[in-house]
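Please keep the sequence and the model in view while I speak.

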Amino acid sequence: MIEIDDKNHQLLAVLADGLPLVPRPYAEIGGQLALSEAEVIARLRHLLETGIIRRLGLIVRHHELGYRANAMAVWDVPDDAVDALGAELADFPFVTLCYRRRRQLPHWPYNLFAMVHGKARARVLAQIGQLNDQVGLRQRPHQVLFSNKRYKQDAARFGGGLAKAG
Amino acid sequence: MAPSQTLSRQERELLNRYQRDFPLQPRPYAAIAEALGMREDDVLTLLAGLRDRGVLGRVGAAVRPNSAGASTLAALAVPATQLHAVAGQVSAMAAVNHNYAREHEYNLWFVLTAANDAELDRTLADIKAATGLSPIKLPLEAEYHIDLGFPL
């Protein structure tokens with residue numbers, strides 16, 4: 001794991017509230033952290049280059065744009081096949097997220113997850129059917145869980161001093 | 001349910017182009033304006049409007065899971081009559097950043113983040129104590145798809 005120093009922790013915490021909509025936003029958040037504008041930019045560039053920040057940009061709330069058919073498809077696949085199957089699923093353009101998670105037996109046997117977001121439920125189900133057919137998953141135990149209400153959608157906060165940094 | 005928002009051509013262009021690669025320069029909104037043939041003021045006004053309408057969550061960073069702390073997906077099987085009340089209890093916890101109802105026996109799904117795994121477990125224990133329900137904990141083991149934003 002790459003080390004993240006306290007300043008970078010604080011920077012990520014401030015970013016969780018969003019970059020301000022002012023002409024010089026990096027200077028403004030630098031003011032909160034006792035960093036210069038150039039230091040903020042250099043630190044963000046480093047966090048991007050090292051992959052700690054995946055992307056920097058506009059975080060869209062899809063629900064507000066009508067993307068309300070939000071499905072989590074899950075499969076129980078053998079541990080020695082899961083990485084290859086996950087890589088295949090991730091290649092489908094309508095799969096927005098795809099990952100392996102630890103099972104919690106006996107309550108939860110599924111280890112492969114793919115998210116499909118769309119505007120219409122029937123279309124999302126057809127797309128998941130396509131995944132089952134084309135990746136050969138139809139015989140594996142699987143479920144589709146549509147979300148029907150969103151209670152909270154915030155940026156991640158990592159506890160301790162982080163949340164207070166802003 | 002609130003009606004879906006519609007986007008102007010300029011808003012759609014802005015949202016599609018800058019979910020990633022936000023300019024790392026002193027005046028990023030001016031750089032965006034230049035790339036899109038707009039003025040800096042117009043970009044700031046469009047973004048403020050999108051934010052006020054709830055379409056733009058924030059200008060921010062998607063952080064790699066577990067690089068700045070620990071996180072996990074978790075779920076509860078909540079009796080239907082208690083779902084809204086329990087969802088409120090879960091959302092109220094600072095460690096919870098996403099919380100959704102889903103159509104399944106496990107009908108409440110949430111993401112927890114904390115400084116470390118022990119703190120995650122303490123939060124899950126707190127949820128169990130507050131609700132009388134046992135959460136399942138499903139931590140990430142591998143990612144196959146990098147989050148690059150979402151074409152609109």
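This is a predicted model: local features need pLDDT of at least 70, side-chain atom pairs count only at pLDDT 80 or more; totals for chains, interfaces and linings use all residues.

Where chain A and chain B touch, the contact takes 68 residues from chain B and 68 residues from chain A. On the side of chain B, strand β1, residues 56–63, supplies the largest share, eight residues. By class, that side of chain B is made up of 37 nonpolar, 17 polar and 14 charged residues.

B:Ala61 is found in strand β1 of chain B. Is B:Ala61 buried or exposed? B:Ala61 has 25 other C-beta atoms within 10 Å, and the cut-off for a buried residue is 20 or more, so B:Ala61 counts as buried. When its neighbours within four places in sequence are left aside, B:Ala61 is in contact with A:Leu12, A:Leu15, A:Ile53 and A:Leu56. Within its own chain, B:Ala61 lies 9.5 Å from B:Gln19, C-alpha to C-alpha, and the two are 42 residues apart in sequence.

I turn now to the build of chain B. How many helices and strands does chain B contain? There are five helices and six strands, and from the N terminus on they follow the order α-α-α-β-β-α-β-β-α-β-β. The radius of gyration of chain B is 19 Å, well over the 15 Å that the globule rule gives for 152 residues, so chain B is more spread out than a compact globule. Along the principal axes, the C-alpha atoms of chain B fill a box of roughly 55 × 35 × 25 Å. Of its 152 residues, 36% count as buried. Among contacts in chain B between residues at least 6 apart in sequence, 56% join residues at least 24 apart.

Seven of the seven residues of β4(B) are buried, so the strand is largely enclosed by the rest of the structure. B:Leu108, B:Phe110, B:Leu112 and B:Ala114 point one way, B:Trp109, B:Val111 and B:Thr113 point the other way, and all are buried. As a general point, side chains in a regular strand alternate between the two faces of the sheet.

Which strands pair with β4(B)? Seven bridges join β2(B) to β4(B), and these two run antiparallel; in this pair, B:Ala70 stands opposite B:Ala114. β3(B) also pairs with β4(B) in the antiparallel sense, over five bridges, and B:Val96 stands opposite B:Leu112. A hairpin joins β3(B) to β4(B) through five residues.

Next, helix α4 of chain B, residues 83–91. Here B:Val86, B:Ala87 and B:Val90 are buried. Seen down the axis of α4(B), the buried residues fall within an arc of 105 degrees, so they line one face of the helix. An α-helix has 3.6 residues a turn, so residues three or four places apart point the same way. On the other side of α4(B), B:Ala85 and B:Gly88 are exposed.

What covers the buried residues of α4(B)? The cover includes β2 (70–76), β3 (96–102), β4 (108–114) and α5 (117–131) of chain B, together with β5 (142–153) of chain A.

Finally, a word on chain A. Its domain assignment gives domain 1, residues 6–49, and domain 2, residues 62–146. The C-alpha centres of these two domains of chain A lie 35 Å apart.

To close, I return to the contact between the chains: 68 residues from chain B and 68 residues from chain A take part in it. Thank you for your attention.

Terms used. Residues are numbered from 1 along each chain as its sequence is written. Chains are lettered from A and ligands numbered from 1 in the order in which they are written. Two residues are in contact if their C-beta atoms, placed from the backbone, lie within 7 Å. Helices (H or I, at least four residues) and strands (E, at least two) are DSSP runs, numbered from the N terminus. Ala, Val, Leu, Ile, Met, Phe, Trp, Tyr, Cys and Pro count as nonpolar, Asp, Glu, Lys and Arg as charged, and the others, Gly among them, as polar. The radius of gyration is taken over C-alpha atoms; the globule rule is 2.2 Å times the number of residues to the power 0.38. A residue is buried if 20 or more other C-beta atoms lie within 10 Å of its own, exposed if 12 or fewer, and partly exposed in between; C-beta atoms are placed from the backbone. Domain bounds come from an automatic or database domain assignment. The arc is that of the directions from the helix axis to the C-beta atoms. Two strands pair if DSSP finds at least two bridges between them.
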